[in-house]
Amino acid sequence: MISGIINVYKEKGYTSFDVVAKLRGILKTRKIGHTGTLDPDAEGVLPVCLGKATKVCDLLTDKQKEYEAVLLLGKVTDTQDISGTVLSEHEVCLTEEEVKNVILNFVGDYLQIPPMYSALKVDGKKLCDLARAGVTVERKARPVQIFSIDILEVSLPRVKMRVNCSKGTYIRTLCQDIGEKLGCGGCMESLLRTRVSEFKIEEALTLAEIERRVQTQAGELLPEQWEASNFDFIRPVDSVFLQYEKAVVKKSWNKLLYNGNRLTEEAFIDYHEKQSGQPIRIYDEEGHFIGIYEYVDRQKDYKPVKLFIEA
């Protein structure tokens with residue numbers, strides 16, 4: 001089974017589910033998951049996890065993200081982007097300076113009401129399904145963070161900007177909120193996700209590029225023989241944890257290690273005292289990545305946080 005992470009460039013017209021479905025066919029594997037939905041009209045970085053790496057999906061979903069978006073002022077739609085039904089249009093009688101000042105005031109903590117056209121669920125029902133049925137329900141505002149906004153170009157009524165934000169931030173809602181604050185309304189005209197954690201757009205591959213590489217790099221191997229190491233575009237599972245210190249467990253502890261037991265300092269080669277709550281990467285002596293453990297000061301041992309046993 002292939003285990004690893006692919007930095008996919010999601011193109012316009014595809015849903016995140018479409019990307020996963022197509023990769024299942026290309027890579028001949030069933031265990032695949034994406035790390036955060038991108039709207040069909042949006043483009044850009046979509047990390048996709050394979051095999052044991054699917055356990056990383058929730059961790060990557062929580063990571064910081066970066067987008068380039070075009071805000072169109074003077075137009076309000078039901079979906080908050082240009083693809084929706086126009087609800088109102090207004091003349092944009094603003095100076096460039098007024099627009100910039102309002103946009104930059106959104107940097108920091110920000111309470112955002114999720115849009116009706118989203119995959120969030122209320123009482124077990126997706127908001128987008130309710131919206132398509134003509135039903136609008138009350139949504140609670142959620143705290144998000146806008147770490148930075150760089151205004152790249154102003155050509156009113158359009159503003160191109162780069163947004164660095166926390167998980168759960170809807171850029172189209174940000175666009176609408178900016179328009180509302182300016183008094184003329186606004187919607188998102190285009191969206192490009194340029195980064196998810198350390199996954200950058202410069203390294204992302206389209207589905208067509210991935211398919212070509214599979215065909216050329218698989219060689220004579222049958223699909224059931226494929227491993228992540230056969231393909232240069234599949235990142236190993238541990239690559240997203242390189243910020244944590246590495247520790248190797250002695251061979252004599254393998255049985256406990258492979259069963260996911262807690263470990264004491266005697267289990268490690270070249271033991272270095274760790275801080276309580278500090279995660280570390282654990283490997284066996286053969287170099288197999290086992291998972292992420294965390295030191296518990298009260299019990300003077302290490303507990304498993306997330307296991308990816310490859311041995």
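Predicted model: local features only at pLDDT ≥ 70, side-chain atom pairs only at ≥ 80, totals over all residues.
## Thr 216 and the basis of the model

Thr 216 lies in helix α6; helices (H or I, at least four residues) and strands (E, at least two) are DSSP runs, numbered from the N terminus. At 63% relative accessibility, Thr 216 counts as exposed, where exposed means over 50% relative accessible area, buried under 20% and partly exposed in between (1.4 Å probe, protein chains only).

Residues are numbered from 1 along each chain as its sequence is written, and side-chain values use heavy atoms, with hydrogens and water left out.

## Overall architecture

The protein has 7 helices and 19 strands. Its C-alpha atoms fill a box of roughly 75 × 50 × 40 Å along the principal axes. Of the 311 residues, 45% count as buried.

A contact means heavy atoms within 4.5 Å. Among contacts in the protein with a separation of 6 or more, 64% are between residues 24 or more positions apart.

## Packing of α1 and α6

Two packed helices are described by the angle between their axes and the distance between the axes. For helix α1 (residues 16-27) and helix α6 (residues 207-217), the axes come within 10 Å and cross at roughly 10°. Axes here are lines fitted to C-alpha atoms, for helices over the stretch in contact, and angles run from 0 to 180 degrees between N-to-C directions. The two helices α1 and α6 are therefore roughly parallel to each other; angles under 35 degrees count as roughly parallel, over 145 as roughly antiparallel, 65 to 115 as roughly perpendicular and the rest as oblique.

On the α1 side, Val 19, Lys 22, Leu 23, Ile 26 and Leu 27 take part, and they meet Leu 207, Ile 210, Glu 211 and Val 214 of α6. By class, this contact of α1 with α6 has 7 nonpolar, no polar and 2 charged residues. In this classification Ala, Val, Leu, Ile, Met, Phe, Trp, Tyr, Cys and Pro are nonpolar, Asp, Glu, Lys and Arg are charged, and the others, Gly among them, are polar.

## Aromatic pairs

A pair of aromatic rings is described by the distance of the centres and the angle of the planes. Rings of Phe, Tyr and Trp (its six-membered ring) pair if their centres lie within 6.5 Å; planes under 30 degrees apart count as stacked, over 60 as edge-to-face and the rest as tilted. By this rule there are 10 aromatic pairs. One of them is the edge-to-face pair of Phe 106 and Tyr 110, at 5.4 Å centre to centre with 85° between the planes. Phe 106 is buried at 12% relative accessible area, and Tyr 110 is buried at 9%.

Phe 289 and Phe 308 have ring centres 5.6 Å apart and planes at 15°, so this pair is stacked. The pair links distant parts of the chain, 19 residues apart: Phe 289 is in strand β18 (residues 289-296), and Phe 308 is in the segment after β19 (301-307). Phe 289 is buried at 2% relative accessibility, and Phe 308 is buried at 0%. Phe 289 and Phe 308 also belong to one aromatic cluster with Phe 241, Tyr 244 and Tyr 283.

## Charges over rings

A charge sits over a ring if NZ of Lys or CZ of Arg is within 6 Å of the ring centre and within 35 degrees of the ring normal. The charged end of Lys 246 is placed in this way over Tyr 283, 4.7 Å from the ring centre. Arg 235 lies over the face of Phe 199, at 4.4 Å from the ring centre.

Asn 164 is in strand β11 (residues 158-165) and is buried at 10% relative accessibility. Leaving aside residues up to four places away in sequence, Asn 164 touches Gln 64, Lys 65, Glu 66, Gln 145, Ile 146, Phe 147, Ser 148 and Arg 195. The loop between β10 (142-155) and β11 contains Pro 157, which is joined to Leu 156 by a cis peptide bond with omega about 15°.

Most residues other than glycine have a negative phi, and most peptide bonds are trans. Gln 80, in the loop between β5 (75-77) and β6 (86-89), has a positive phi near 70° and is buried at 7% relative accessibility. Ser 197 has a positive phi of about 55°; Ser 197 lies in the loop between β12 (186-196) and β13 (199-200) and is buried at 16% relative accessibility.
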